[in-house]
Amino acid sequence: MRVVSAKQMREIEDRAIREFGMPSLLLMENAALAVVQEVRQLLSLRQKGLTGSKVTVFVGKGNNGGDGLAVARHLSILGIDVIVYSFAGAEEFQGDAALNYRLYQNTGGKLFTIDGEKQLRLVRISLVQADVIIDAIYGTGFRGALPSLIEGYVEEINRAQAPIIAVDIPSGVEADTGKVYRQAIIAQGTVSFGLPKLGHFLGAGPEYAGRVIVDPISIPERFLDHETLTTSVLTEDIRQLLPFRRLQGHKGTHGRGVLVAGSEGMTGAALLAGKAALRSGIGLLQMIVPQGLANGIDLALKEATVWGAEGEKSLNEHAWSVICERAEKAQALAIGPGLGQNSEFLPVLEEVLLNLTLPVILDADALNIVAKEPGILGWRQGRGPLILTPHPGEMARLCGCSTEEVQANRLELSLTKAVEWESIIVLKGAVTIIAAPDGRAFLNPTGNPGLGTGGTGDVLTGSILAWLAQGVEPLAAACLGVYLHGMAADLLAGEFGWSGFTASEVADQLPKARRRLENNQ
């Protein structure tokens, strides 16, 4: 599903109005009906009938407020007890919003204008009595911090016990960045129109938007799925990328991958990555580790073939000959989990980037070593696919900036560097971003805070390695690995909540995640 900026959505709506002849008032009416449907479902879940239920609606003067007023009108017609609080006077509404203001009043609906703190007591009473709260104060055009008066009321709304539904985007959240300056509506669900917005997935947006429900509001599909829209959110349609296994397949046809990993004190990272590769269906996994650690790793991961390269505690420049030999018959190579930051390994990375044409993943300490000479990433251009899987700190070191700068500009920075380095960037985080050198980007909706524990990044690397080895195209393999990695964590969260499970357990859930994805057709 495509994801858009506020400007892109406005352009889509304008085209639908201009080229399809769809009246803007009809778009607003369809948006309202989508929100009404969500209200009805919430009331049903709360075992409340429509007649006599109470809904409190907060509106601003813009089109988002017009949506809210249309919602209030429809709910009133259904017999729901609705009260609207407006942060604008009647004379401030314009166009379709002004018409919906008048239509709501014509139904005899209750409406109070908030012009200071004197309405606070009445609002508090309404919030205590409400079964559902609607936020239609600000829409996708909002930027910056909430005005102090509205901010105070937003605090009251967030303290209410009733579920909050945000119209298009929670008030106080920037639609393009997900940034929240001081305060914003914390919604249980957000009904978005046409297409989801970037702010639903970036920055703090996911914490405030809750469950995002997308309604096309009758905009024709050709306007919503246009080639100029280059950012998408991954969905279950990603199942189409799963490789087909033939009945007569065997380990030789299921892909051969090479994993270069491990150092003293960090063999666990190598084992987790290897386990994840095996759990993701790789046919043959060959691990290259320091000679001094090879026996222990061989015993711990019996299903892999372990090759020791020179080095008791960490790999050094002599590892290249072993890597070159093992990579000759492999379909993919991953370097980095638990590798250690021995600067003597840098020449090996240079050789890999220059001389190997198979897909290469650089993760963890491989990225930290490259960060000492980031210019070598340019050596890879035109020689073979390259996937980089940094967390924000590693991305900051690669880019020569602070982690805060990375987090404030995740999407644009990922895309910029993917183009510059001609590589696929997997920027890990609460919503992992997969950026491609052709300017496309994919946002991953799976996963939860339980992934914030040591070793889960190594599991992701092993999974991507396995999909590459099985013949999945590099960009698709990155997307598939990220989606299933998050889905595996979601399966665990269903049992344990958002904490307490381990990276090893995430790896163990990968086959279940794949199977569930296959079956949800």
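Start by selecting A209, which sits in helix α7 (residues 205-209). Helices here are DSSP runs of H or I with at least four residues, strands are runs of E with at least two, and both are numbered from the N terminus. Before going further, know that this is a predicted model: local features need pLDDT of at least 70, side-chain atom pairs count only at pLDDT 80 or more, and totals for chains, interfaces and linings use all residues. Residues are numbered from 1 along each chain as its sequence is written, and side-chain values use heavy atoms, with hydrogens and water left out.

Is A209 buried or exposed? With a relative accessible area of 1%, A209 is buried. (Buried means under 20% relative accessible area, exposed means over 50%, and partly exposed is in between, using a 1.4 Å probe and protein chains only.) Now show what A209 touches: P170, A187, Q188, G189, T190 and H200, not counting residues up to four places away in sequence. Touching, or contact, means heavy atoms within 4.5 Å.

Next stop, K417 in helix α16 (residues 410-421). K417 counts as buried, at 14% relative accessibility. Leave aside neighbours within four places in sequence, and K417 is in contact with M395, C399, E422, S423 and I425.

Time for some helix pairs. Two packed helices are described by the angle between their axes and the distance between the axes. Axes are lines fitted to C-alpha atoms, for helices over the stretch in contact, and angles run from 0 to 180 degrees between N-to-C directions.

Select helix α2 (residues 24-45) and helix α4 (residues 95-106), which pack at an angle of about 55° with axes 10 Å apart. That angle makes α2 oblique to α4. (Under 35 degrees is roughly parallel, over 145 roughly antiparallel, 65 to 115 roughly perpendicular, and the rest oblique.) The residues in contact are S24, L25, M28 and E29 of α2, and D96, A97, L99 and N100 of α4. Colour them by class and you get four nonpolar, two polar and two charged. (Ala, Val, Leu, Ile, Met, Phe, Trp, Tyr, Cys and Pro count as nonpolar, Asp, Glu, Lys and Arg as charged, and the others, Gly among them, as polar.)

Last, the rings. How many aromatic pairs does the structure hold? There are five. (Rings of Phe, Tyr and Trp, using its six-membered ring, pair if their centres lie within 6.5 Å; planes under 30 degrees apart are stacked, over 60 edge-to-face, and the rest tilted.) Select F87 and Y153: their ring centres are 5.7 Å apart and their planes at 75°, so this pair is edge-to-face. F87 lies in the loop between β2 (81-86) and α4, and Y153 in helix α6 (residues 148-159), so the pair ties together parts 66 residues apart in sequence. Both F87 and Y153 are buried.

Move on to Y138 and F142, with ring centres 4.9 Å apart and planes at 45°, so that pair is tilted. Y138 is partly exposed at 24% relative accessibility, while F142 is buried at 7%. Finish with F58, Y85 and F112, which ring pairs link into a cluster.
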